[in-house]
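Subject: Structure for you to look through

Hello,

Here is the structure I promised to pass on. Please open it beside this email and follow along; my notes come after it.

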Amino acid sequence: MAIKSSSADNKTRSSVQIFIVFSLCCFFYILGAWQRSGFGKGDSIALEMTNSGADCNIVPSLNFETHHAGESSISSSSAKAKTFEPCDARYTDYTPCQDQRRAMTFPRDSMIYRERHCAPESEKLSCLVPAPKGYVTPFSWPKSRDYVPYANAPYKALTVEKAIQNWIQYEGEVFRFPGGGTQFPQGADKYIDQLASVIPMGNGTVRTALDTGCGVASWGAYLWSRNVRAMSFAPRDSHEAQVQFALERGVPAVIGVLGTIKLPYPTRAFDMAHCSRCLIPWGANDGMYLMEVDRVLRPGGYWILSGPPINWKINYKAWQRPKEELEEEQRKIEEAAKLLCWEKKYEHGEIAIWQKRVNDDACRSRQDDPRANFCKTDDTDDVWYKKMEACITPYPETSGSDEVAGGELQVFPDRLNAVPPRISSGSISGVTVDAYEEDNREWKKHVKAYKRINSLLDTGRYRNIMDMNAGFGGFAAAIESQKLWVMNVVPTIGEKNRLGVVYERGLIGIYHDWCEAFSTYPRTYDLIHANQLFSLYKNKCNADDILLEMDRILRPEGAVIIRDDVDTLIKVKRIISGMRWDSKMVDHEDGPLVNEKVLIAVKQYWVTNSTSAQ
């Protein structure tokens with residue numbers, strides 16, 4: 001929302017720099033009290049601090065007891081701000097760009113109807129999406145890997161449909177996830193052990209993975225102990241709440257599908273890609289889907305396919321499918337893999353593994369192959385709403401047969417803070433090694449200040465974290481921990497090639513335009529960080545809509561950290577005063593004379609049909 005600066009705003013700005021930013025010691029105590037329970041209902045705090053200025057002496061007089069009465073969070077300075085009412089209860093699990101009713105109006109061929117189809121401006125909701133009755137903060141990791149509160153995603157369809165496959169079981173007030181899957185009846189760990197006999201998963205060589213058609217993301221959940229981070233996706237379809245279950249478990253996942261639009265990830269992002277009976281027709285459309293996997297797969301990376309049609313001669317009877325049909329499926333896959341110059345490393349039982357070559361020198365044979373259609377685009381990371389093509393993404397040029405195209409990565413965790421090849425090669429215009437390293441130093445300083453403000457930041461209280469404007473992933477790198485993960489979002493109106501750097505660091509992320517809703521269910525993030533996001537989107541789309549989307553995807557009692565210039569934050573704070581958030585603005589860690597400030601907020605606990613915070 002663009003608001004022109006006025007003389008009143010200028011006066012406010014002057015007063016803010018002197019007065020509104022009160023002593024950090026006071027705020028540390030307040031924020032800790034806001035979220036002290038961490039795992040229960042409703043740490044709503046009286047907002048006298050907001051209304052009474054910066055006098056640290058009033059802290060002892062505040063009431064920090066948990067209560068559920070609900071009270072106005074609109075301060076006297078924001079009396080004219082719009083109040084956002086709760087949406088109807090039917091929107092509890094609303095996914096604006098993957099709405100089921102809207103999806104059915106689109107063609108079913110090539111999964112078009114399962115792709116993103118956002119509501120027009122006239123149909124956007126201007127209300128707060130409620131939590132279901134009985135909603136509770138999820139279990140902390142690692143318990144959350146195996147258990148999800150029933151009230152948070154009350155859908156039993158999968159417990160019936162996948163009963164014999166050991167995906168999910170309903171046990172009273174919780175769902176239990178035994179770690180099974182269609183292709184790993186002995187459990188995900190045993191399945192991953194088999195893959196690890198071929199793929200170097202334990203030494204940091206393989207760090208980032210893509211799981212297509214992930215189900216409830218048990219593969220990604222069990223990779224965690226091997227220090228591999230999987231980006232999992234599945235469509236919002238008849239298997240109700242797959243991605244919602246994944247995120248409730250504390251596993252990275254988004255709603256998505258391989259259809260007609262390119263995947264929202266950069267070229268050469270993943271060390272490994274995986275499909276376990278994901279129902280994607282890999283041999284169709286001249287191998288287009290395999291070509292898209294090849295685009296996002298790093299040189300030297302691995303592709304795993306388990307399930308039909310692998311080893312069809314042995315398995316066709318168990319699959320109850322004609323062997324001629326399965327034979328043709330595998331023939332097409334093998335043909336496409338050969339054209340991509342992938343080397344088959346393993347086939348046993350129902351599992352096959354291919355490895356992508358490290359550079360084009362190893363693929364000279366395809367240069368003269370008339371079937372090899374190479375993509376013509378100069379920007380292979382320009383993928384947002386771009387049509388997928390049956391073309392091969394060329395390797396970056398190399399100077400020798402042993403050189404890894406695009407640059408060799410160090411093993412994790414060394415690669416987290418090493419200079420990424422996209423930076424060291426100078427392929428990102430205007431970004432030097434020195435500038436990148438300075439960015440890292442700044443984010444270490446910022447995160448250190450965040451931890452002083454919120455002592456719960458690295459305790460496991462926040463598992464699913466989003467950085468809405470991630471840049472080079474400095475925030476995620478500084479906060480890296482086995483207790484949490486960060487979805488690094490690179491806005492499509494910014495520098496798209498920065499997401500490639502994020503992946504080279506061993507982090508995960510996605511492209512997104514914040515003028516639209518994110519591809520996730522409501523209440524799927526514990527903490528949201530937004531650096532310079534509202535300045536970036538000034539005059540691009542409505543700030544109200546961005547904040548409502550943040551509210552939709554943030555859990556009750558979740559936290560928000562917004563870093564921006566003081567004028568922008570004053571406007572943002574005015575908007576959220578009409579939402580059910582408690583907020584406070586604090587100084588930049590370098591002091592009150594720095595124009596950049598930090599706005600901290602906590603979303604109140606409330607559920608559907610309640611008229612105020614509980």
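How many helices and strands are there in the protein chain? The chain has 21 helices and 17 strands. Please keep in mind that this is a predicted model.

**The chain as a whole**

Of the 614 residues, 58% count as buried. The accessible surface comes to about 24400 Å², and carbon and sulfur atoms hold 50% of that. Among contacts with a separation of 6 or more, 70% are between residues 24 or more positions apart.

Pro 149 has Val 174 in E3 as its bridge partner.

Is strand E5 enclosed or open? Strand E5 covers residues 229-234, and six of its six residues are buried, so the strand is largely enclosed by the rest of the structure. Arg 229, Met 231 and Phe 233 point one way from E5, while Ala 230, Ser 232 and Ala 234 point the other way. The residues on both sides are all buried. Strand E4 (residues 208-212) pairs with E5 in the parallel sense over five bridges, and Thr 212 stands opposite Phe 233.

**Trp 303**

Trp 303 is in strand E8 (residues 297-306). With a relative accessible area of 1%, Trp 303 is buried, because a residue under 20% counts as buried. Leaving aside neighbours within four places in sequence, Trp 303 is in contact with several residues, including Trp 282, Trp 342 and Trp 354. Lys 345 is 42 residues from Trp 303 along the chain, and their C-alpha atoms are separated by 9.9 Å.

**The seven-strand sheet**

Another open sheet has seven strands in the order E13-E12-E11-E14-E15-E17-E16, with mixed pairing. Its edge strands are E13 (508-512) and E16, each of which pairs on one side only. The twist here averages 20° from one strand to the next.

Met 585 has Leu 599 in E17 as its bridge partner. Asp 587 is in strand E16, which covers residues 581-587. Asp 587 is buried, with a relative accessible area of 14%. The side chains of Asp 587 and Lys 597 are joined by a polar contact of 2.8 Å.

**Helices across this sheet**

Which strands does helix H16 lie across? H16 lies across E14, E15 (554-565), E16 and E17, and runs at about 135° to E15. Helix H20 (residues 543-553) lies across E11 (464-467), E14, E15, E16 and E17, at about 145° to E15.

The length of H16 can be checked. H16 has 21 residues (433-453), which at 1.5 Å a residue should span 30 Å; its end C-alpha atoms are 31 Å apart, which agrees. The buried residues of H16 are Tyr 436, Asn 440, Trp 443, His 446, Val 447, Ala 449, Tyr 450 and Ile 453. An α-helix has 3.6 residues a turn, so residues three or four places apart point the same way.

**His 529**

His 529 lies in strand E14 (residues 525-531). His 529 is buried, with a relative accessible area of 0%. Its side chain makes a polar contact of 2.9 Å with the side chain of Tyr 450. Leaving aside neighbours within four places in sequence, the contacts of His 529 include Trp 443, Tyr 450, Met 466 and Ile 561.

**Helix H21**

Is helix H21 enclosed or exposed? Nine of its eleven residues (566-576) are buried, so H21 is largely enclosed by the rest of the structure. The buried residues include Asp 567, Lys 571 and Lys 573, as well as Val 566, Leu 569 and Ile 575. At the start of H21, a side-chain oxygen of Asp 565 reaches to within 3.2 Å of the backbone nitrogen of Asp 567.

Regards

Conventions. Residues are numbered from 1 along each chain as its sequence is written. This is a predicted model: local features need pLDDT of at least 70, side-chain atom pairs count only at pLDDT 80 or more; totals for chains, interfaces and linings use all residues. Side-chain values use heavy atoms; hydrogens and water are left out. Helices (H or I, at least four residues) and strands (E, at least two) are DSSP runs, numbered from the N terminus. Buried means under 20% relative accessible area, exposed over 50%, partly exposed in between (1.4 Å probe, protein chains only). Contact means heavy atoms within 4.5 Å. Accessible areas come from the Shrake-Rupley method with a 1.4 Å probe; for residues, only the protein chains shown count as cover. A polar contact is a pair of N or O atoms within 3.5 Å; within protein, one must be able to donate a hydrogen and the other to accept it, and residues adjacent in sequence count only if both atoms are side-chain atoms. Two strands pair if DSSP finds at least two bridges between them. The expected span of a helix is 1.5 Å times one less than its number of residues. Axes are lines fitted to C-alpha atoms, for helices over the stretch in contact, and angles run from 0 to 180 degrees between N-to-C directions.
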